Amino acid sequence: MSVVVLVNVYGANTNDSFSLPGTDSQAAKDLLAEQFPPEQNGSSPIVFHTTTGKVTDTANKQAIEASHAAIVALPDVYSATDPFSQQGQGQISKDGTTAFIPVLLGVGLSDLTEEVAQGVLSAADPAVQAGMQVAAGGPVGSELSEPEATNSELIGIVIAMLILTASFGAIVAMGMPIATAIVGLVVGLSAIGLLGHIATVPSIAPTLATMIALGVGIDYALFLVSRHLANLRAGMDVRESIALTTATSGSAVVYAGGTVVIALLALAVAGIPFVTALGYASAVAVATAVLAAVTLLPALLSLAGHRITALGVPRFLRRPPKEAGKGLAAGWARFVTRHPVAAALGAIVLFLPLLIPFRALEFGQADIGAMPTSTTQRQAYDLMSAGFGVGYNGPLLVSVQLGTPAVPSSEYTSQYNEAQSLKGQLDQEQTSGTAQKQSLETQSSDLQKQQAALERQQSALESQSQSLQAQADTLSDEQAALRTQAGTLEKQAEDLGIAQRALARRQAKLEREALVLERQIGSVTRALARIRVQERATRAELERARKPGARRTLGTRLRRLDRRDASLEQRLAGLRRQEQQLRARERGVRAGQARLLGRQKAMISQAVSLARQAQTLASESAALVQQKQDLEKQANQLQLAAANLQTQAAELQTQQAQLEGVQQQATTQQQQAEQLKAELTAELTQAGGDPRGTDPRLVGLQDALGGAEGVAVVSPPQIDDDGGAAVFTVIATTAPASEATADLVGTLRAYTIPQAIAGTDLEAFVGGSTAGNVDLAAAISSRLGLVILVVIGLSFLVLMAAFRSIVVPAQAALANVLAVCAAFGVLTAVFQWGWGLELIGVDTASGTVPIASYVPLMMFAVLFGLSMDYQVFLLSQVDHHRSLGEGPVEAIANGLAASARVIVSAALIMIGVFGSFVLNGNPTIKQFGVGLAVGVALAATMVLTVAPAVLTISGKAGWWLPERLGRVLPNIDIEGSSQTAETSPAEATAADAS
């Protein structure tokens with residue numbers, strides 16, 4: 001019991017991560033493990049569904065984003081993509097009612113515990129609180145959706161208790177096999193749990209081992225207790241009976257259990273680690289059941305003594321005693337030995353209809369769509385199927401090894417450079433055109449103002465000319481002086497205006513430069529703030545991280561952020577210096593404007609002085625006449641100036657037309673730039689945002705995958721940092737367990753991928769859980785014949801050595817093969833054809849369930865071993881009666897009569913135990929339950945019908961062995977020939993009781 005203590009200390013460990021050496025899926029898995037460690041664990045979609053509104057509604061969107069933030073914050077989560085982000089395109093269904101977050105875990109499948117998985121699902125509680133349905137698929141969903149088998153075990157034990165009670169007629173006797181089997185089962189499961197720490201044990205192995213160990217444990221104890229009770233009824237002492245029972249039936253139990261163990265261990269010849277692990281795990285359970293039967297049970301029998309018949313059932317439930325040679329078993333034995341041909345043909349004819357579906361048996365894949373609808377894994381499966389398509393439940397991962405690193409394509413590089421050049425040119429032209437347009441607008445405004453001023457001056461001069469006509473002669477000299485001074489002032493005013501306009505343009509330009517600098521400083525400041533927030537977050541993660549790999553990754557990220565921080569600080573300092581220089585230039589411009597303002601004031605003062613002089617001259621009549629003449633001349637000059645202004649205005653209109661042409665050209669270039677940008681965006685989107693994804697090799701493979709028949713979606717390539725490896729996610733249009741999906745895997749490997757990578761240095765492998773199941777089925781199909789031959793060959797040698805016969809093992813092998821094939825036929829009809837599938841609690845959209853590829857292989861090994869058990873128990877009885885000197889036919893009849901009731905009881909117990917596991921929610925366990933229950937019933941039928949019939953027909957030849965072969969083979973005495981004399985009374989009693 002030390003193993004039970006150890007498993008309670010260290011815990012049981014199972015792992016569904018198996019290798020398939022030499023397969024394409026294993027090569028893909030190895031590449032993922034090397035270049036993309038988290039991807040090898042598989043993605044776990046956390047699915048969100050709303051029945052009111054859409055997931056994009058404000059409340060639902062906030063709830064999903066809060067769930068995403070909580071999931072990302074979990075320590076065991078490597079990455080999780082927000083469906084509302086740019087990277088999350090395609091994660092929202094077309095009808096808007098379903099979205100999912102693909103979660104990659106940082107822990108391997110062997111380290112994924114229920115606590116970790118529940119933590120991921122519980123992180124989506126904000127969405128649950130918002131009224132949405134949330135379910136988990138992938139490894140997380142699988143860990144949370146393991147159906148409990150407790151009810152199945154209890155029901156199987158109850159059925160066995162009823163059969164044992166009816167067989168023994170006493171409660172105490174019934175409890176012996178049950179107690180022994182349970183102890184053996186507990187020890188066996190503990191040993192399997194500990195074995196998982198040093199070897200890979202599938203998660204289904206404990207359940208399968210429970211089915212087998214519980215059945216064989218009760219059966220083996222049944223044989224021993226039956227022999228012990230027969231000895232006691234014959235008057236044998238308790239201790240003597242226990243010793244004799246252990247030496248005879250105990251030896252047969254060890255031999256029978258050995259055949260089952262050999263059959264299970266023979267699965268190793270398939271060379272498939274998953275199947276081998278199931279074999280040795282089940283073999284451990286059988287071995288502990290045998291040990292419990294030959295060690296614990298004798299101790300319990302000794303403790304019970306004659307009280308083994310205590311607590312008997314009521315008299316009316318007891319079987320009445322039968323006379324010697326009477327009873328159903330004896331009658332059946334006489335019929336078979338008197339009519340062997342009819343008995344054998346009748347059994348075979350009965351089996352023929354069951355063999356018809358066997359021809360249609362196909363190895364399929366495990367189908368989550370057959371899991372109970374109450375499990376989160378099935379709910380996620382149904383939601384993903386309805387929202388996105390069934391193919392999303394089992395994506396294919398195409399791993400690519402590049403001989404030379406991926407680089408952006410020359411076309412992409414050329415387009416990118418062209419876009420950058422065009423962008424720079426447009427920016428320059430836009431800046432120049434804006435400045436030129438503003439200058440033209442300013443000049444036009446000035447010309448219009450000058451034109452208006454000239455018109456007003458001309459009107460005033462004409463009026464003055466009329467009023468000053470009489471005074472023109474007297475004022476001519478002074479008027480000339482005033483004209484000279486006015487001209488000088490006008491020239492100064494014009495120069496002052498030009499200077500002011502120049503300073504205004506400089507001021508506007510400096511203000512624009514200052515605005516650009518302020519924006520740049522703000523952008524750099526914000527980027528610096530973000531970088532420092534990321535630095536603090538990364539340092540916090542680094543402090544929390546415990547795994548070396550995570551700490552290295554975070555350390556690298558922190559150093560990269562520090563370098564970025566320093567770069568931004570340096571850039572910010574440079575911008576600050578530019579800002580200071582710009583402010584100094586602005587101060588210079590303002591100083592110049594102040595100086596011009598002072599000159600303008602001085603000119604105004606001078607103009608006032610001239611006005612005063614003009615007023616003085618006005619009093620002189622002679623000067624007024626001269627002034628009139630000067631005014632007329634000035635009017636003529638104004639007309640000439642107006643003509644010049646009109647010429648300048650025409651030139652400005654010409655320049656404006658030319659500018660509009662340049663702007664039209666710039667608009668055309670802008671459209672070209674936008675089109676080029678759209679093309680680059682489309683290429684980058686197809687490449688997943690990584691320019692290296694435009695590598696022609698990857699683009700060609702991506703296009704080929706997307707164009708394959710049966711492919712719904714192909715994701716952009718995910719490329720590793722070195723560019724030496726990439727991975728595509730391929731979504732099929734059909735379900736993961738569909739035959740069409742398996743065909744798609746074959747098509748991609750045989751045609752699509754080889755044609756796409758021909759002439760390149762790429763190597764591509766199709767992997768993922770779906771492809772792994774396809775490879776597992778193919779591997780089992782290719783090696784099934786070898787396993788069958790090895791199991792049959794070993795069993796043949798074991799029986800031939802035990803019973804010194806050629807016919808005995810030959811008939812056993814043929815009978816067992818026939819029974820197993822018939823069981824396969826029933827399995828095919830129920831699951832593959834869907835006959836009565838709903839009766840065993842399976843609800844699928846298609847009404848059928850693919851038969852998991854390893855189920856028939858395991859069934860063959862288990863059923864062949866169990867069938868050999870019944871053959872051993874029957875033939876050992878026949879051989880025992882032969883050793884008493886009985887003739888061949890008499891020995892067969894008495895041996896069959898002696899063992900039939902026990903074999904029937906054992907078979908019924910097996911059928912009850914195996915059949916009870918149909919209640920298990922796992923569809924694969926249901927397949928084992930149906931197949932093994934039916935197989936045991938058929939095997940027992942063959943043992944009780946065909947085996948004695950063939951031996952009867954063979955006569956003495958049935959026990960013939962070539963002399964040379966007899967000398968080579970070891971002489972094995974299953975029940976101990978030295979005990980013949982002592983056992984004969986008990987055997988006679990057992991035979992009569994039957």
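Patches are made of residues with over 30% relative accessible area and no salt bridge, where like charges are joined within 9 Å and nonpolar side chains (Val, Leu, Ile, Met, Phe, Trp, Tyr) within 5 Å. By this rule, Val 341, Leu 345, Ile 348, Val 349, Leu 352 and Ile 953 make a nonpolar surface patch of about 530 Å². The structure is a predicted model, in which local features need pLDDT of at least 70, side-chain atom pairs count only at pLDDT 80 or more, and totals for chains, interfaces and linings use all residues. Residues are numbered from 1 along each chain as its sequence is written, and side-chain values use heavy atoms, with hydrogens and water left out.

**Nonpolar patch**

- Accessible areas come from the Shrake-Rupley method with a 1.4 Å probe, and for residues only the protein chains shown count as cover.
- Helix H13 (residues 340-355) gives the patch its largest share, five residues; helices (H or I, at least four residues) and strands (E, at least two) are DSSP runs, numbered from the N terminus.
- Val 341 is found in helix H13.
- The relative accessible area of Val 341 is 48%, so this residue is partly exposed; buried means under 20%, exposed over 50%, and partly exposed in between (1.4 Å probe, protein chains only).

- The expected span of a helix is 1.5 Å times one less than its number of residues.
- H24 (residues 888-916) has 29 residues and should span 42 Å; its end C-alpha atoms lie 40 Å apart, which agrees.
- A kink of about 40 degrees in H24 is centred on Ser 899.
- Of the 29 residues of H24, 21 are buried, so by this definition the helix is mostly covered.

**Aromatic pairs**

- A pair of aromatic rings is described by the distance of the centres and the angle of the planes.
- Rings of Phe, Tyr and Trp (its six-membered ring) pair if their centres lie within 6.5 Å; planes under 30 degrees apart count as stacked, over 60 as edge-to-face and the rest as tilted.
- The count by this rule is 10 aromatic pairs.
- In one of them, the ring centres of Phe 223 and Phe 873 are 3.5 Å apart and the planes are at 35 degrees, so the pair is tilted.
- Phe 223 is in helix H9 (residues 205-233) and Phe 873 in helix H23 (residues 854-883), so the pair ties together parts 650 residues apart in sequence.
- Phe 223 is buried at 8% relative accessible area, and Phe 873 is buried at 6%.
- Phe 100, Phe 388 and Tyr 392 form one aromatic cluster.

**Contacts across the sequence**

- Leu 222 also lies in helix H9 and is buried, with a relative accessible area of 0%.
- Leu 222 and Val 902 are 680 residues apart in sequence, with their C-alpha atoms 7.5 Å apart in space.
- Ala 758 is in the loop between helix H20 (739-757) and strand S10 (762-767) and counts as exposed at 54% relative accessibility.
- From Ala 758 to Leu 701 the C-alpha distance is 10.0 Å, at 57 residues apart in sequence.

**Salt bridges**

- A salt bridge is a side-chain nitrogen of Lys or Arg within 4 Å of a carboxyl oxygen of Asp or Glu.
- This rule gives 13 salt bridges.
- Arg 749 and Asp 24 meet in one, at 3.2 Å, N to O.
- That pair links distant parts of the chain, with Arg 749 in helix H20 and Asp 24 in helix H2 (residues 24-35), 725 residues apart.
- Arg 749 is partly exposed at 22% relative accessibility, and Asp 24 is partly exposed at 23%.
- Asp 562 and Arg 539 also meet in a salt bridge, at 3.5 Å, N to O.
- Asp 562 lies in helix H17 (residues 548-618) and Arg 539 in helix H16 (residues 476-544), so this pair ties together parts 23 residues apart in sequence.
- Arg 583 and Glu 579 form a salt bridge at 3.8 Å, N to O; both lie in H17, four residues apart, about one turn of the helix.
- Arg 583 is partly exposed at 27%, whereas Glu 579 is buried at 19%.
- Glu 518, Arg 576, Glu 579 and Arg 583 are linked in a network of salt bridges.

Methods: The bend at a residue is the angle between axes fitted to the seven residues ending there and the seven starting there.
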